[in-house]
Amino acid sequence: MTAERFSPNQFRHAATIDAPRVYRDGQWRTFEPPAPVERTLRGRRWLLRPGITFTPYANPTRCNAHCAFCSEELQRLDATRLSAHTVIADYDRYFSALDRAFAELAGLSIGLSLSGLEATSEPEWLLRLLSLIEQHPALFAEKVLYSNGSGLCVDARIAPALARVGFDRVELSRAHFDAKTNHKIMRFDLAQPVRRAEAFAETVARTQREGVPVKLVCILNAQGVRSIDDVERYLDHAQALGVARVVFRELSALGAIYRENRETRWIDANRVSVRALMDELLGDDGVARPGWALEGVTSGYYYYNERYRRGPVEVTLEGSSYVAHHEAVESGVLQKLVFHSTRELCGDWVPDAQRIGSYDE
Ligand code: SF4
């Protein structure tokens with residue numbers, strides 16, 4: 001049996017699924033790309049994926065964590081440098097250029113995906129960015145911050161500012177609720193209070209109190225959450241904190257497009273298969289593990305996931321492939337917009353790939 005193809009944003013409900021396994025294992029291949037839209041950017045005509053996201057690559061400082069699997073330290077074979085290593089130097093120049101980029105993108109249907117390194121590591125940069133976004137209220141259909149929580153933990157101004165600007169959610173990374181286990185994986189700088197369990201719990205509570213929903217992101221790995229029992233323990237903690245959504249991600253498939261380094265070796269040694277967990281949750285007999293119910297499956301251009309409900313918590317299990325991402329990026333249609341610290345807009349995380357142009361003037 002083969003899987004039917006997915007259209008963008010299509011959510012296939014559980015009631016229409018006879019055999020979930022046909023959607024498992026690399027089923028981003030079932031994604032049917034939508035017709036691209038045309039746009040002139042920096043004087044050249046480009047094709048863009050509808051629903052494309054824009055990322056102001058957040059590296060006002062080096063990251064204050066050092067996750068063993070950090071994707072920002074992965075070096076693609078065709079890249080000459082890493083975005084992560086060129087921090088944003090001149091804020092006035094940077095924000096003038098970003099303002100020009102926002103003006104040129106006006107009218108497109110785009111989402112804001114605030115990620116890169118840690119956007120909250122330097123609150124002055126983040127608050128200035130939020131003010132600029134506020135000046136372009138119609139630009140982003142959806143706004144999401146991806147964070148390790150460090151700045152939210154120590155600076156009480158950030159959560160209210162996110163709420164004021166209308167962020168849809170914060171996706172907070174936490175590999176494990178046991179602080180010691182989490183630290184072995186995320187390796188926060190020792191001065192970061194968020195590494196402590198109570199500080200993290202208070203950060204989640206405060207952010208939600210301010211009106212910004214928190215979704216927790218747990219990267220499955222052999223040092224941390226690696227079994228269904230671990231997943232359930234994690235969900236019990238999340239539920240106790242009042243979190244309504246949690247995603248468990250397998251480390252992205254790397255294929256042969258990256259140089260071997262400390263991170264690729266750790267990923268190879270510690271990968272936990274999300275497919276195996278899916279099979280345990282819901283096998284071919286269609287009977288879900290007690291307490292769990294499948295809600296549906298979905299797929300994007302480089303990821304696929306299954307969504308479940310366990311009590312009040314919506315739980316997503318996700319697999320993805322940086323190889324599929326790279327192939328889509330090379331297809332001639334821009335899949336992603338990344339504004340780098342060099343004030344250049346690119347269609348890729350790699351700063352010298354899919355270069356659209358500089359917004360210096
Ligand atoms: S928090 Fe994000 S950017 Fe920082 S080390 Fe971890 S994965 Fe990398």
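**Figure 1. Proline 56 stands opposite phenylalanine 339 of strand β12.** Strands here are DSSP runs of E with at least two residues, and helices are DSSP runs of H or I with at least four residues, both numbered from the N terminus. This is a predicted model, in which local features need pLDDT of at least 70 and side-chain atom pairs count only at pLDDT 80 or more, while totals for chains, interfaces and linings use all residues. Residues are numbered from 1 along each chain as its sequence is written. Strand β3 (residues 44-56) runs parallel to β12 (residues 334-339), and the two are joined by five bridges; strands count as paired if DSSP finds at least two bridges between them. Six of the six residues of β12 are buried, that is, each has 20 or more other C-beta atoms within 10 Å of its own, with C-beta atoms placed from the backbone.

Figure 2. Look for arginine 343 in the loop between them: its phi is positive, about 70 degrees, although it is not a glycine. Arginine 343 counts as buried because it has 22 C-beta neighbours inside 10 Å.

**Figure 3. Arginine 187 also has a positive phi without being a glycine.** Its phi is near 45 degrees, and its place is the loop between α5 (179-186) and α6 (197-209). With 16 other C-beta atoms within 10 Å, arginine 187 is partly exposed, a class that falls between buried and exposed, the latter meaning 12 or fewer such atoms.

**Figure 4. Strand β8 pairs with both β7 and β11.** Five bridges hold β7 (residues 214-219) and β8 in the parallel sense, with leucine 216 partnered by valine 246. Strand β11 (residues 313-320) also runs parallel to β8, over five bridges, and here arginine 245 stands opposite glutamate 314.

**Figure 5. Serine 150 lies in helix α3 (residues 150-154).** Serine 150 counts as buried, since 25 C-beta neighbours lie inside 10 Å. Leaving out residues up to four places away in sequence, its contacts include Asn64, Glu118, Thr120 and Phe188; a contact means C-beta atoms, placed from the backbone, within 7 Å. Proline 60 is 90 residues from serine 150 in sequence and 14 Å away in space, C-alpha to C-alpha.

**Figure 6. Here are the residues around the ligand: Cys63, Ala65, His66, Cys67, Cys70, Glu72, Leu117, Glu118, Asn148 and Ser173.** How many of them are nonpolar, polar and charged? The shell has five nonpolar, three polar and two charged residues, where Ala, Val, Leu, Ile, Met, Phe, Trp, Tyr, Cys and Pro count as nonpolar, Asp, Glu, Lys and Arg as charged, and the others, Gly among them, as polar.

Notes
Near = placed C-beta within 6 Å. Contact = placed C-beta atoms within 7 Å.
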